[in-house]
Amino acid sequence: MMKQVIIATKNVGKAREFQELLEKKGIEVKSLLDFPNCPDVEETGSTFAENAVLKAEAMAHYFHAIVIADDSGLSIDALDGRPGVYSARYAGEEKNDQKNIAKVLEELKGVPFEKRTARFHCALAVAAPGRRTTVVEGTCEGYITEVPKGENGFGYDPIFYVPQKGKTMAELSKEEKNQISHRAKALAKLEKQWDEIINDKE
Ligand SMILES: O=c1[nH]c(=O)c2ncn([C@@H]3O[C@H](COP(=O)(O)OP(=O)(O)OP(=O)(O)O)[C@@H](O)[C@H]3O)c2[nH]1
Ligand SMILES: [Mg+2]
């Protein structure tokens, strides 16, 4: 039987990346998109780690299973770290990627390239009933471009320039993004817990 993991996310882009990252290990990824009736968890924390823990623990309780939650976002230095934990709903509750990008670009108008430094953060929390929750984090450094470029990825990827690749995140193939992304780096830190995570079922 194929090993399975539940990722506590309703974000299609994230769910897809976890699928790509974990299928190499022969693990089947389920996300909350596979469980349309599951409750929504309010992200009331002030850090990525706090929100990841909130989501992971709520869903571990709901499913009685080991669950991984991802809380992530973009921090822009010239905007004092915004959008930060509000990345998904920066331009409003409807979580519209285009509107979020437009808002960021508007706020950065006139800021020269060298001052447009930013980083993606990803906090992953692993929770299960009776288990002490663990958190790992990963980051990816870059610059915010003046215009969107590229069709791949999701969220702010079209305006996030990755200097080491000479391209925006949305111009990278999924394999390239998965080599350098905040999410991939955080996931790599779960390596030691991996056997426990996939074996703790039924
Ligand atoms: O260009 C991007 N490339 C990425 O790799 C990435 N990772 C996160 N983000 C942004 O940060 C929000 C997360 O907020 P978030 O962690 O609360 O997730 P979410 O609300 O979308 O879904 P859920 O997991 O909470 O169900 C997302 O919506 C995106 O705007 C990214 N943008
Ligand atoms: Mg969210």
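Which helix holds Asn178? Asn178 lies in helix H4, residues 174-180. Helices here are DSSP runs of H or I with at least four residues, strands are E runs of at least two, and both are numbered from the N terminus. The model is predicted, so local features need pLDDT of at least 70, side-chain atom pairs count only at pLDDT 80 or more, and totals for chains, interfaces and linings use all residues. Residues are numbered from 1 along each chain as its sequence is written, chains are lettered from A and ligands numbered from 1 in the order in which they are written, and side-chain values use heavy atoms, with hydrogens and water left out.

Stay with Asn178. Asn178 counts as buried because its relative accessibility is 10%. Buried means under 20% relative accessible area, exposed means over 50%, and partly exposed lies in between (1.4 Å probe, protein chains only). Leaving aside residues up to four places away in sequence, Asn178 touches Glu17, Glu20, Leu21 and Ala184. Contact means heavy atoms within 4.5 Å.

Now turn to ligand 1. Of the 21 residues around ligand 1, those that come nearest are Thr9, Lys14, Lys55, Tyr156 and Asp157. A residue is near a molecule if one of its heavy atoms lies within 4 Å of it. Lys14 places a polar side-chain atom 2.8 Å from an oxygen atom of ligand 1. The side chain of Lys95 has an N or O atom 2.8 Å from an oxygen atom of ligand 1. Asp157 uses its backbone: an N or O atom there lies 2.5 Å from a ligand oxygen atom. The protein buries 95% of the 610 Å² that ligand 1 exposes when taken alone. These areas come from the Shrake-Rupley method with a 1.4 Å probe.

Which elements give two or more residues to the shell around ligand 1? They are strand S3 (67-76) and helix H5 (182-188). S3 gives the most, with 4 residues.

Next comes the loop between S3 and helix H3 (97-107), where Pro83 has its place. The peptide bond from Arg82 to Pro83 is cis, with omega near -5 degrees. Asp80 is found in the loop between S3 and H3. Asp80 is not a glycine, although its phi is positive at about 55 degrees. Asp80 is exposed because its relative accessible area is 72%. Lys95 also lies in the loop between S3 and H3. Phi of Lys95 is near 55 degrees, a positive value in a residue other than glycine. Lys95 counts as partly exposed, at 44% relative accessibility.

Definitions and conventions: Polar contact = N/O pair within 3.5 Å; in protein donor to acceptor, adjacent residues only side chain to side chain.
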